[in-house]
Amino acid sequence: MEQNGQKGQKGRVENVLIVGSGAAGLTAAIYAARANLEPLVLEGMQPGGQLTITSDVENYPGFPEGIQGPDLMDAMKKQAERFGTRCLSEDVVEVGLDGSPFIVRSDRGEYACKSLIIATGASARFMGLPSEQRFMGKGVSACATCDGFFFKNQEVMIVGGGDTACEEALFLTNFAKRVRIIHRRDELRASKIMQERVMKHPKVEVLWNAVVEEILGEDPKGVTGVRLKNTQTGETFEEDCDGVFVAIGHVPNTSAFQGKIETDEKGYILTRDGTCTNVAGVFAAGDVQDSKYRQAVSAAGTGCMAALDAFHFLEDTGELG
Ligand code: NDP
(Lines give C-alpha, C1' and ligand atoms only; values in the text may rest on other atoms or scores of the structure.)
Protein backbone atom coordinates (compact mmCIF):
# COMPACT_ATOMS: atom_id res chain seq x y z
CA MET A 1 0.00 0.00 0.00
CA GLU A 2 3.02 2.28 0.30
CA GLN A 3 3.06 2.40 -3.47
CA ASN A 4 -0.60 3.39 -3.45
CA GLY A 5 0.24 6.28 -1.15
CA GLN A 6 2.52 7.64 -3.85
CA LYS A 7 0.50 6.91 -6.91
CA GLY A 8 -3.13 5.89 -6.36
CA GLN A 9 -3.85 7.97 -3.27
CA LYS A 10 -6.26 6.78 -0.59
CA GLY A 11 -9.58 8.59 -0.76
CA ARG A 12 -8.90 9.81 -4.27
CA VAL A 13 -11.49 9.16 -6.96
CA GLU A 14 -9.69 8.65 -10.26
CA ASN A 15 -11.09 10.27 -13.39
CA VAL A 16 -10.20 7.19 -15.37
CA LEU A 17 -8.71 3.92 -14.28
CA ILE A 18 -7.30 1.65 -16.97
CA VAL A 19 -6.95 -2.05 -16.33
CA GLY A 20 -4.28 -3.63 -18.50
CA SER A 21 -1.09 -2.32 -20.08
CA GLY A 22 -0.94 -3.83 -23.54
CA ALA A 23 -1.30 -1.80 -26.74
CA ALA A 24 -4.95 -0.98 -25.90
CA GLY A 25 -4.40 0.05 -22.28
CA LEU A 26 -1.32 2.16 -22.94
CA THR A 27 -2.83 3.91 -25.96
CA ALA A 28 -5.89 4.69 -23.83
CA ALA A 29 -3.47 6.06 -21.22
CA ILE A 30 -1.66 8.28 -23.77
CA TYR A 31 -4.95 9.81 -24.93
CA ALA A 32 -6.43 10.13 -21.42
CA ALA A 33 -3.23 11.68 -20.09
CA ARG A 34 -3.08 14.19 -22.93
CA ALA A 35 -6.68 15.12 -22.08
CA ASN A 36 -5.45 15.94 -18.53
CA LEU A 37 -7.38 13.06 -16.97
CA GLU A 38 -4.26 11.84 -15.07
CA PRO A 39 -5.09 8.18 -15.73
CA LEU A 40 -4.08 5.40 -13.38
CA VAL A 41 -3.05 2.14 -15.08
CA LEU A 42 -3.11 -1.16 -13.22
CA GLU A 43 -0.67 -3.06 -15.37
CA GLY A 44 -1.63 -6.63 -14.53
CA MET A 45 0.33 -9.86 -14.36
CA GLN A 46 2.02 -9.36 -17.72
CA PRO A 47 2.95 -5.68 -18.04
CA GLY A 48 3.01 -4.72 -21.71
CA GLY A 49 0.65 -7.53 -22.65
CA GLN A 50 1.07 -10.10 -25.36
CA LEU A 51 3.52 -8.03 -27.41
CA THR A 52 6.12 -8.54 -24.70
CA ILE A 53 6.24 -12.22 -25.60
CA THR A 54 6.43 -11.58 -29.35
CA SER A 55 9.67 -11.08 -31.19
CA ASP A 56 9.57 -9.09 -34.44
CA VAL A 57 6.47 -6.98 -34.96
CA GLU A 58 6.48 -6.39 -38.70
CA ASN A 59 3.04 -4.94 -39.23
CA TYR A 60 2.81 -2.06 -36.77
CA PRO A 61 2.69 1.07 -38.94
CA GLY A 62 5.67 3.39 -38.70
CA PHE A 63 8.37 0.77 -38.37
CA PRO A 64 9.45 -0.24 -41.89
CA GLU A 65 12.20 -2.48 -40.54
CA GLY A 66 9.92 -3.95 -37.84
CA ILE A 67 10.32 -3.50 -34.10
CA GLN A 68 10.75 -5.89 -31.19
CA GLY A 69 7.50 -6.31 -29.23
CA PRO A 70 9.02 -5.41 -25.82
CA ASP A 71 10.66 -2.29 -27.31
CA LEU A 72 7.34 -1.15 -28.75
CA MET A 73 5.63 -1.59 -25.38
CA ASP A 74 8.44 0.21 -23.51
CA ALA A 75 8.05 3.12 -25.90
CA MET A 76 4.27 3.20 -25.40
CA LYS A 77 4.67 3.19 -21.63
CA LYS A 78 7.23 6.01 -21.71
CA GLN A 79 4.92 8.00 -23.97
CA ALA A 80 1.99 7.48 -21.56
CA GLU A 81 4.10 8.43 -18.52
CA ARG A 82 5.45 11.53 -20.25
CA PHE A 83 1.96 13.03 -20.09
CA GLY A 84 1.30 12.09 -16.47
CA THR A 85 0.03 8.50 -16.53
CA ARG A 86 0.66 6.61 -13.29
CA CYS A 87 1.34 2.87 -13.67
CA LEU A 88 1.16 0.31 -10.87
CA SER A 89 2.10 -3.35 -11.32
CA GLU A 90 -1.02 -4.73 -9.73
CA ASP A 91 -3.53 -7.30 -10.84
CA VAL A 92 -7.26 -6.61 -10.62
CA VAL A 93 -9.19 -9.31 -8.79
CA GLU A 94 -12.66 -7.82 -8.40
CA VAL A 95 -14.74 -4.82 -9.41
CA GLY A 96 -17.86 -3.15 -8.06
CA LEU A 97 -19.77 -1.47 -10.87
CA ASP A 98 -23.17 -0.96 -9.23
CA GLY A 99 -22.87 2.74 -8.60
CA SER A 100 -20.56 5.72 -8.96
CA PRO A 101 -17.71 5.76 -8.20
CA PHE A 102 -16.76 2.31 -9.46
CA ILE A 103 -14.58 0.26 -7.14
CA VAL A 104 -11.60 -1.70 -8.44
CA ARG A 105 -9.88 -4.09 -6.07
CA SER A 106 -6.40 -5.33 -6.94
CA ASP A 107 -4.09 -7.82 -5.28
CA ARG A 108 -2.60 -4.84 -3.37
CA GLY A 109 -5.24 -2.20 -2.88
CA GLU A 110 -8.60 -0.70 -3.66
CA TYR A 111 -9.33 2.18 -6.02
CA ALA A 112 -12.34 4.32 -6.81
CA CYS A 113 -12.91 5.78 -10.26
CA LYS A 114 -15.45 7.79 -12.23
CA SER A 115 -14.78 5.88 -15.43
CA LEU A 116 -13.14 2.57 -16.14
CA ILE A 117 -11.40 1.19 -19.23
CA ILE A 118 -11.00 -2.56 -19.35
CA ALA A 119 -8.05 -3.56 -21.54
CA THR A 120 -7.03 -6.87 -19.98
CA GLY A 121 -6.41 -8.62 -23.27
CA ALA A 122 -6.45 -12.35 -23.87
CA SER A 123 -4.24 -15.29 -22.92
CA ALA A 124 -3.10 -18.41 -24.70
CA ARG A 125 -5.63 -21.21 -24.95
CA PHE A 126 -4.57 -24.72 -23.99
CA MET A 127 -5.82 -28.08 -25.27
CA GLY A 128 -7.17 -29.18 -21.91
CA LEU A 129 -5.23 -32.45 -21.67
CA PRO A 130 -4.09 -33.60 -18.20
CA SER A 131 -0.66 -34.42 -19.71
CA GLU A 132 -0.41 -30.84 -20.97
CA GLN A 133 -0.74 -29.58 -17.39
CA ARG A 134 1.60 -32.25 -16.06
CA PHE A 135 4.45 -31.23 -18.36
CA MET A 136 3.83 -27.48 -18.30
CA GLY A 137 7.26 -25.88 -17.99
CA LYS A 138 8.85 -29.31 -18.46
CA GLY A 139 8.64 -29.27 -22.24
CA VAL A 140 5.15 -27.82 -22.71
CA SER A 141 4.93 -24.09 -23.39
CA ALA A 142 2.70 -21.51 -25.05
CA CYS A 143 5.50 -19.04 -25.70
CA ALA A 144 8.33 -19.77 -28.09
CA THR A 145 9.94 -16.40 -27.42
CA CYS A 146 10.07 -17.18 -23.71
CA ASP A 147 11.14 -20.83 -23.86
CA GLY A 148 12.63 -21.49 -27.31
CA PHE A 149 16.15 -21.08 -26.00
CA PHE A 150 15.79 -24.27 -23.93
CA PHE A 151 15.40 -26.38 -27.06
CA LYS A 152 18.80 -25.93 -28.69
CA ASN A 153 19.39 -28.75 -31.19
CA GLN A 154 16.24 -30.52 -30.05
CA GLU A 155 13.01 -31.54 -31.75
CA VAL A 156 9.84 -29.59 -31.09
CA MET A 157 6.18 -29.77 -32.10
CA ILE A 158 3.82 -26.82 -32.44
CA VAL A 159 0.09 -27.32 -32.18
CA GLY A 160 -2.10 -25.02 -34.30
CA GLY A 161 -2.42 -23.71 -37.83
CA GLY A 162 -2.74 -19.95 -37.44
CA ASP A 163 -0.28 -17.06 -37.66
CA THR A 164 0.86 -17.66 -34.09
CA ALA A 165 1.74 -21.30 -34.80
CA CYS A 166 3.67 -20.30 -37.93
CA GLU A 167 5.44 -17.42 -36.24
CA GLU A 168 6.43 -19.64 -33.32
CA ALA A 169 7.60 -22.38 -35.70
CA LEU A 170 9.86 -19.95 -37.56
CA PHE A 171 11.20 -18.50 -34.33
CA LEU A 172 11.98 -21.97 -33.00
CA THR A 173 14.10 -22.77 -36.07
CA ASN A 174 16.70 -20.47 -34.47
CA PHE A 175 17.21 -23.10 -31.78
CA ALA A 176 15.66 -26.47 -32.59
CA LYS A 177 17.07 -28.85 -35.17
CA ARG A 178 13.60 -29.90 -36.34
CA VAL A 179 10.24 -28.16 -35.98
CA ARG A 180 6.96 -29.89 -36.77
CA ILE A 181 3.57 -28.17 -36.86
CA ILE A 182 0.61 -30.36 -35.89
CA HIS A 183 -2.53 -29.08 -37.58
CA ARG A 184 -5.99 -30.59 -37.37
CA ARG A 185 -6.92 -29.80 -40.97
CA ASP A 186 -5.25 -30.03 -44.39
CA GLU A 187 -4.86 -26.27 -44.82
CA LEU A 188 -3.25 -23.66 -42.58
CA ARG A 189 -5.35 -20.77 -41.28
CA ALA A 190 -2.29 -18.48 -41.22
CA SER A 191 -1.83 -15.58 -43.67
CA LYS A 192 -0.37 -16.47 -47.06
CA ILE A 193 2.99 -14.84 -46.34
CA MET A 194 3.42 -16.86 -43.13
CA GLN A 195 2.33 -20.06 -44.88
CA GLU A 196 4.93 -19.49 -47.58
CA ARG A 197 7.70 -18.87 -45.06
CA VAL A 198 6.81 -22.02 -43.15
CA MET A 199 6.52 -24.23 -46.24
CA LYS A 200 9.84 -22.95 -47.60
CA HIS A 201 11.82 -23.39 -44.40
CA PRO A 202 14.05 -26.48 -44.50
CA LYS A 203 13.69 -27.15 -40.76
CA VAL A 204 9.87 -26.96 -40.67
CA GLU A 205 7.40 -29.72 -41.57
CA VAL A 206 3.63 -29.88 -41.16
CA LEU A 207 1.81 -32.95 -39.88
CA TRP A 208 -1.59 -32.50 -41.52
CA ASN A 209 -4.95 -33.74 -40.21
CA ALA A 210 -3.62 -34.57 -36.77
CA VAL A 211 -4.57 -33.74 -33.18
CA VAL A 212 -2.67 -34.39 -29.97
CA GLU A 213 -4.30 -37.13 -27.91
CA GLU A 214 -1.64 -37.13 -25.26
CA ILE A 215 1.71 -35.57 -24.47
CA LEU A 216 4.12 -38.32 -23.54
CA GLY A 217 6.90 -37.94 -21.03
CA GLU A 218 8.53 -39.03 -17.86
CA ASP A 219 9.78 -37.38 -14.67
CA PRO A 220 12.16 -35.72 -14.28
CA LYS A 221 13.08 -35.43 -17.99
CA GLY A 222 9.73 -34.06 -19.11
CA VAL A 223 8.31 -34.37 -22.61
CA THR A 224 9.55 -37.24 -24.77
CA GLY A 225 6.90 -37.31 -27.49
CA VAL A 226 3.24 -37.04 -28.45
CA ARG A 227 0.49 -39.49 -29.28
CA LEU A 228 -1.40 -38.14 -32.28
CA LYS A 229 -4.66 -39.05 -33.90
CA ASN A 230 -5.29 -38.71 -37.60
CA THR A 231 -8.54 -36.72 -37.89
CA GLN A 232 -9.43 -38.41 -41.21
CA THR A 233 -8.77 -42.05 -40.41
CA GLY A 234 -8.94 -42.11 -36.60
CA GLU A 235 -5.58 -43.91 -36.57
CA THR A 236 -3.30 -43.08 -33.62
CA PHE A 237 0.48 -42.94 -33.75
CA GLU A 238 3.39 -41.70 -31.66
CA GLU A 239 6.15 -39.26 -32.59
CA ASP A 240 9.23 -38.39 -30.54
CA CYS A 241 9.95 -34.81 -29.54
CA ASP A 242 11.48 -32.80 -26.69
CA GLY A 243 9.01 -29.96 -26.53
CA VAL A 244 5.40 -29.09 -27.38
CA PHE A 245 4.37 -25.50 -28.05
CA VAL A 246 0.65 -24.85 -27.94
CA ALA A 247 -0.57 -22.11 -30.32
CA ILE A 248 -4.30 -22.67 -30.73
CA GLY A 249 -5.68 -19.22 -30.09
CA HIS A 250 -6.66 -17.25 -27.04
CA VAL A 251 -9.24 -16.74 -24.30
CA PRO A 252 -10.22 -13.27 -23.02
CA ASN A 253 -9.02 -12.23 -19.55
CA THR A 254 -12.36 -11.40 -18.00
CA SER A 255 -12.45 -13.42 -14.79
CA ALA A 256 -12.42 -10.29 -12.57
CA PHE A 257 -15.47 -8.94 -14.42
CA GLN A 258 -17.59 -12.10 -14.56
CA GLY A 259 -21.26 -11.33 -13.93
CA LYS A 260 -20.55 -7.58 -13.80
CA ILE A 261 -20.21 -6.85 -17.52
CA GLU A 262 -22.03 -8.33 -20.49
CA THR A 263 -19.90 -10.77 -22.49
CA ASP A 264 -20.51 -13.08 -25.41
CA GLU A 265 -20.61 -16.85 -25.00
CA LYS A 266 -16.80 -17.05 -25.26
CA GLY A 267 -16.33 -14.43 -22.52
CA TYR A 268 -15.35 -11.49 -24.78
CA ILE A 269 -16.78 -8.19 -23.48
CA LEU A 270 -19.58 -6.88 -25.67
CA THR A 271 -19.13 -3.29 -26.83
CA ARG A 272 -21.40 -0.94 -28.78
CA ASP A 273 -21.25 2.68 -29.96
CA GLY A 274 -17.46 2.54 -30.04
CA THR A 275 -16.14 1.04 -26.82
CA CYS A 276 -19.18 1.34 -24.51
CA THR A 277 -20.14 -1.69 -22.44
CA ASN A 278 -23.58 -2.31 -20.92
CA VAL A 279 -22.48 -0.27 -17.85
CA ALA A 280 -22.41 3.50 -18.45
CA GLY A 281 -18.90 4.80 -17.75
CA VAL A 282 -17.21 1.42 -18.31
CA PHE A 283 -15.42 0.97 -21.61
CA ALA A 284 -13.52 -1.96 -23.12
CA ALA A 285 -10.65 -1.93 -25.61
CA GLY A 286 -8.31 -4.37 -27.30
CA ASP A 287 -8.38 -8.15 -27.37
CA VAL A 288 -10.69 -8.44 -24.36
CA GLN A 289 -13.53 -7.25 -26.62
CA ASP A 290 -12.18 -8.37 -29.99
CA SER A 291 -12.10 -12.01 -30.97
CA LYS A 292 -11.75 -11.18 -34.65
CA TYR A 293 -8.91 -8.78 -35.52
CA ARG A 294 -6.63 -9.09 -32.46
CA GLN A 295 -3.85 -6.95 -33.88
CA ALA A 296 -1.60 -4.56 -31.97
CA VAL A 297 -2.74 -1.71 -34.17
CA SER A 298 -6.45 -2.48 -33.81
CA ALA A 299 -5.97 -2.81 -30.03
CA ALA A 300 -4.23 0.58 -30.00
CA GLY A 301 -7.06 2.02 -32.11
CA THR A 302 -9.77 0.87 -29.70
CA GLY A 303 -7.63 2.08 -26.78
CA CYS A 304 -7.69 5.55 -28.31
CA MET A 305 -11.47 5.27 -28.80
CA ALA A 306 -12.00 4.17 -25.19
CA ALA A 307 -10.09 7.18 -23.83
CA LEU A 308 -12.14 9.54 -26.01
CA ASP A 309 -15.35 7.78 -24.98
CA ALA A 310 -14.37 8.07 -21.30
CA PHE A 311 -13.57 11.77 -21.76
CA HIS A 312 -16.98 12.45 -23.35
CA PHE A 313 -18.71 10.42 -20.61
CA LEU A 314 -17.03 12.54 -17.91
CA GLU A 315 -17.89 15.70 -19.82
CA ASP A 316 -21.54 14.68 -20.30
CA THR A 317 -21.98 13.70 -16.65
CA GLY A 318 -20.34 16.89 -15.43
CA GLU A 319 -17.53 14.97 -13.72
CA LEU A 320 -14.57 16.57 -15.45
CA GLY A 321 -12.04 18.31 -13.27
P1 NDP B 1 -6.13 -18.43 -34.67
O2 NDP B 1 -7.46 -18.48 -34.01
O3 NDP B 1 -5.96 -17.64 -35.92
O4 NDP B 1 -5.64 -19.90 -34.99
C5 NDP B 1 -5.77 -20.93 -34.05
C6 NDP B 1 -5.32 -22.22 -34.71
O7 NDP B 1 -5.39 -23.26 -33.74
C8 NDP B 1 -6.23 -22.62 -35.88
O9 NDP B 1 -5.45 -23.12 -36.91
C10 NDP B 1 -7.12 -23.70 -35.26
O11 NDP B 1 -7.47 -24.70 -36.17
C12 NDP B 1 -6.22 -24.31 -34.21
N13 NDP B 1 -6.95 -24.82 -33.05
C14 NDP B 1 -7.89 -24.18 -32.29
N15 NDP B 1 -8.31 -24.98 -31.28
C16 NDP B 1 -7.64 -26.15 -31.43
C17 NDP B 1 -7.64 -27.36 -30.69
N18 NDP B 1 -8.39 -27.52 -29.60
N19 NDP B 1 -6.82 -28.35 -31.11
C20 NDP B 1 -6.05 -28.19 -32.21
N21 NDP B 1 -6.00 -27.07 -32.94
C22 NDP B 1 -6.78 -26.05 -32.56
O23 NDP B 1 -5.13 -17.93 -33.51
P24 NDP B 1 -3.68 -17.31 -33.64
O25 NDP B 1 -3.26 -17.16 -32.24
O26 NDP B 1 -2.82 -18.05 -34.55
O27 NDP B 1 -3.92 -15.86 -34.26
C28 NDP B 1 -4.82 -14.95 -33.65
C29 NDP B 1 -4.86 -13.64 -34.44
O30 NDP B 1 -3.62 -12.97 -34.30
C31 NDP B 1 -5.09 -13.84 -35.92
O32 NDP B 1 -5.89 -12.80 -36.38
C33 NDP B 1 -3.70 -13.73 -36.50
O34 NDP B 1 -3.71 -13.29 -37.84
C35 NDP B 1 -3.06 -12.72 -35.58
N36 NDP B 1 -1.60 -12.88 -35.53
C37 NDP B 1 -0.84 -12.17 -36.42
C38 NDP B 1 0.52 -12.31 -36.45
C39 NDP B 1 1.29 -11.54 -37.45
O40 NDP B 1 0.69 -10.94 -38.31
N41 NDP B 1 2.60 -11.51 -37.38
C42 NDP B 1 1.24 -13.18 -35.50
C43 NDP B 1 0.35 -13.90 -34.63
C44 NDP B 1 -1.00 -13.74 -34.66
P45 NDP B 1 -8.48 -24.39 -37.40
O46 NDP B 1 -7.67 -23.65 -38.39
O47 NDP B 1 -8.89 -25.73 -37.83
O48 NDP B 1 -9.59 -23.59 -36.79
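Two housekeeping notes before you click. Residues are numbered from 1 along each chain as its sequence is written, and side-chain values use heavy atoms, with hydrogens and water left out. Because the model is predicted, local features need pLDDT of at least 70 and side-chain atom pairs count only at pLDDT 80 or more, while totals for chains, interfaces and linings use all residues.

**Stop 1: α2 and α3**

Select residues 23-34 for helix α2 and 69-82 for helix α3. Helices here are DSSP runs (H or I, at least four residues), strands are runs of E of at least two, and both are numbered from the N terminus. Two packed helices are described by the angle between their axes and the distance between the axes. For α2 and α3 the angle is about 25° and the axes are 8 Å apart. The axes are lines fitted to C-alpha atoms, for helices over the stretch in contact, and angles run from 0 to 180 degrees between N-to-C directions. That makes α2 and α3 roughly parallel to each other (angles under 35 degrees count as roughly parallel, over 145 as roughly antiparallel, 65 to 115 as roughly perpendicular and the rest as oblique).

The crossing of α2 past α3 is left-handed, a term used if the near helix is turned anticlockwise from the far one by less than a right angle; clockwise would be right-handed.

Now show side chains. On α2, pick Ala23, Leu26, Thr27, Ala29, Ile30 and Ala33; on α3, pick Met73, Met76, Lys77, Gln79 and Ala80. These make the contact, meaning heavy atoms within 4.5 Å. The set divides into eight nonpolar, two polar and one charged. In this count Ala, Val, Leu, Ile, Met, Phe, Trp, Tyr, Cys and Pro are nonpolar, Asp, Glu, Lys and Arg are charged, and the others, Gly among them, are polar.

**Stop 2**

Jump to residues 163-172, helix α6. How many of its ten residues are buried? Seven are, so the helix is mostly covered (buried means under 20% relative accessible area, exposed over 50%, partly exposed in between, with a 1.4 Å probe and protein chains only). Colour Ala165, Cys166, Glu168, Ala169, Leu170, Phe171 and Leu172 to see the buried residues. The cover includes α5 (144-147), β11 (155-159), β12 (178-182), α7 (192-200), β13 (204-207) and β17 (243-246).

Keep α7 on screen. Its axis comes within 10 Å of that of α6, and the two cross at roughly 35°, again in a left-handed crossing for α6 past α7. Asp163, Cys166, Glu167 and Leu170 of α6 meet Met194, Arg197 and Val198 of α7. That contact divides into four nonpolar, no polar and three charged residues.

Step on to His201, in the loop between α7 and β13. His201 is partly exposed, at 24% relative accessible area. Leaving aside neighbours within four places in sequence, His201 is in contact with Leu170 and Thr173.

**Stop 2: a buried loop residue**

Select Ile269, in the loop between β18 (250-252) and β19 (282-284). Is Ile269 buried or exposed? At 2% relative accessibility, Ile269 counts as buried. Not counting residues up to four places away in sequence, its contacts include Ile118, Thr254, Ile261 and Val288.

**Stop 4**

Most residues other than glycine have a negative phi, and most peptide bonds are trans. Go to Ser100 and Pro101, where a cis peptide bond has omega of about -5°; Pro101 sits in the loop between β6 (92-96) and β7 (102-106). Another cis bond joins Asp219 and Pro220, with omega about 0°, and Pro220 lies between β14 (210-218) and β15 (222-230).

For positive phi, select Asn209, at about 50° although it is not a glycine. Asn209 is in the loop between β13 and β14 and is buried, at 13%. Arg294 also has a positive phi of about 50°; find Arg294 between β19 and α8 (296-316), partly exposed at 34% relative accessibility.

Cys304 is in no disulfide either, with the nearest cysteine sulfur, that of Cys276, 14 Å away. Cys241 is buried at 3% relative accessibility, and Cys304 is buried at 16%.

Key. Disulfide = S-S within 2.5 Å.
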